[in-house]
Amino acid sequence: MVMGSRIFWVMFCLSALVFVEGLNEYDSESLDFFVLQQAWKALARPYTGRLYRVHLPANFSAMEVSVIRLRSRSLWAKGVNFSYIYIPPGTLTVPHVKRLAIVYENLGNLSSDYYKLPGFSLVSPVLGLMAYDGTNLSFLGNLKINFSTLNESISVHFPGNFVPKQENDIKCVTFGDDGSVQFSNMTTPNVCFAKGQGHFAVAVPAQPMRKHRWWKWWAVGFGSGFAGLVMVAVAVLAIVKVVKTKKFKEMERKSENSEALNSILIGRSKVPTATMIRTQPVLENAYVP
C-alpha cells in the first residue's frame, strides 16, 4: 500500500511538471488539468462542505481557484451558493456519484490568453465551474460529471457593471469542453445562466479599427515634422544674423580706432590715399659738398 502511494505521488509530480511546461502555450485544457491537480492537493484532509482556497505558482497569481467537496444529497436539498456561481436546489449529478468535488476558477487577467473570441472583446474575467467525482480522492479527476437542474438554472454572477451601448450588445458566453462557444443575451444585469459546468464570460462586439485613423496619425506626424523644420530654419537664420552683426560691429570698432585716410577716384574704384609723406626719404651714401 505504501509502495503504491509513493508511485502515485511520483507519477503526479511528473505529470504536473509536464503540464506546467505545456501551459506556456495557453492551452485551456492543460490549464484545467493543472488546476485540478492543485485542487487535489488542497483536499488532502478535507471537511465536507468547506470551501478551500487553492494555492497556485507565482506565474498564475492573477488567477483565483477554490474547491469544495459535497455530498450529492446535500446538493439536491440545498444547492451550492459559494463563490460567484449559484447552483440551485434540485440539482442532480450526471452520472450519479455519492460525493462530488466542485472547482471554481477565476482566470482574471489571463482570461484573454486562454480563451479567444474572434470578433468579440471580453469585458469580464472568465469564470469556470468544474465538477468531478469526489467519492475517492485518490482518483479525483478520473470522472468528470455534469449537472441536471429541474427548475432553476445555474447562475453566474460577474463583478463590475456592464452598460450596453445598444440593445443586445452584451453577450453571455459559454465555452464548452469540446471547444464549442455559445452566445446568449444578458437578461439580468451582471448575471449569466447555464445548464451545466463550463467556463463563462461576458463579451461585446469588437470595435472595428477606423481606416482614417492611420491617416490622422500620419497627418499629425507630418505637421509636427514640418513645424520642427521651420523652427530649426528660423533658429539657424537668427544665429547667422547675430554672427554677421557681431562681425560688422567689430569691424566698425577697429575702423574707429585706426587713422582715417583720404580716398581718390581711380577709374570707377575709390582707393585710400595719404595727404603727405610722414618720413622724408634719405639717399644712402648721400654726399653734400
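Among contacts in the protein between residues at least 6 apart in sequence, what share joins residues at least 24 apart? The share is 64%, where a contact means heavy atoms within 4.5 Å. The structure is a predicted model, in which local features need pLDDT of at least 70 and side-chain atom pairs count only at pLDDT 80 or more, while totals for chains, interfaces and linings use all residues. Residues are numbered from 1 along each chain as its sequence is written, and side-chain values use heavy atoms, with hydrogens and water left out.

Confidence comes first. On the pLDDT scale, the predictor's confidence in each residue from 0 to 100, the protein averages 78, and 68% of the residues score at least 70. The lowest confidence falls in helix 1 (residues 2-22), with a mean of 45, and the highest in strand 9 (residues 154-157), at 96. Over residues 1-24 the pLDDT stays under 50, and the model has 16 contacts beyond four places in sequence for this stretch.

The secondary structure comprises 5 helices and 15 strands; these are DSSP runs numbered from the N terminus, with helices (H or I) of at least four residues and strands (E) of at least two. Of the 289 residues, 31% are buried, meaning under 20% relative accessible area, against over 50% for exposed and in between for partly exposed (1.4 Å probe, protein chains only). The accessible surface is about 20200 Å², and 59% of it belongs to carbon and sulfur atoms; such areas come from the Shrake-Rupley method with a 1.4 Å probe, and for residues only the protein chains shown count as cover.

Next, the interior. In soluble globular proteins, nonpolar side chains tend to be buried together. A nonpolar core is taken here as a set of buried Ala, Val, Leu, Ile, Met, Phe, Trp, Tyr and Cys residues joined through side-chain atoms within 4.5 Å. The largest such core has 29 residues, of which Met63 and Val103 touch the most other members. Elements giving two or more residues to this core include strand 2 (64-71), strand 5 (99-106) and strand 7 (127-133), but the largest share, 6 residues, comes from helix 2. Beyond four places in sequence, Val103 touches Val35, Ala39, Val65, Ser66, Val67, Gly128, Leu129, Met130 and Tyr132. Apart from this core lies another, of 26 residues, with Ile87, Ile102, Ile145 and Ala194 among them.

The whole structure holds 5 aromatic pairs, counted when ring centres of Phe, Tyr or Trp (its six-membered ring) lie within 6.5 Å; planes under 30 degrees apart are stacked, over 60 edge-to-face and the rest tilted. Phe34 and Phe60 form a tilted pair, at 5.3 Å centre to centre and 35 degrees between the planes. Because Phe34 lies in helix 2 and Phe60 in the loop between strand 1 and strand 2, the pair ties together parts 26 residues apart in sequence. Both residues are buried.

Cys172 sits in strand 10 and, at 4% relative accessibility, counts as buried.

Finally, 3 strands form an open antiparallel sheet in the order 3-9-12, with pairing requiring at least two DSSP bridges between strands. Strand 3 (85-86) and strand 12 (191-194) are the edges, each pairing on one side only. Strand 3 pairs with strand 9 over 2 bridges, and Tyr86 stands opposite Ser155 in strand 9.
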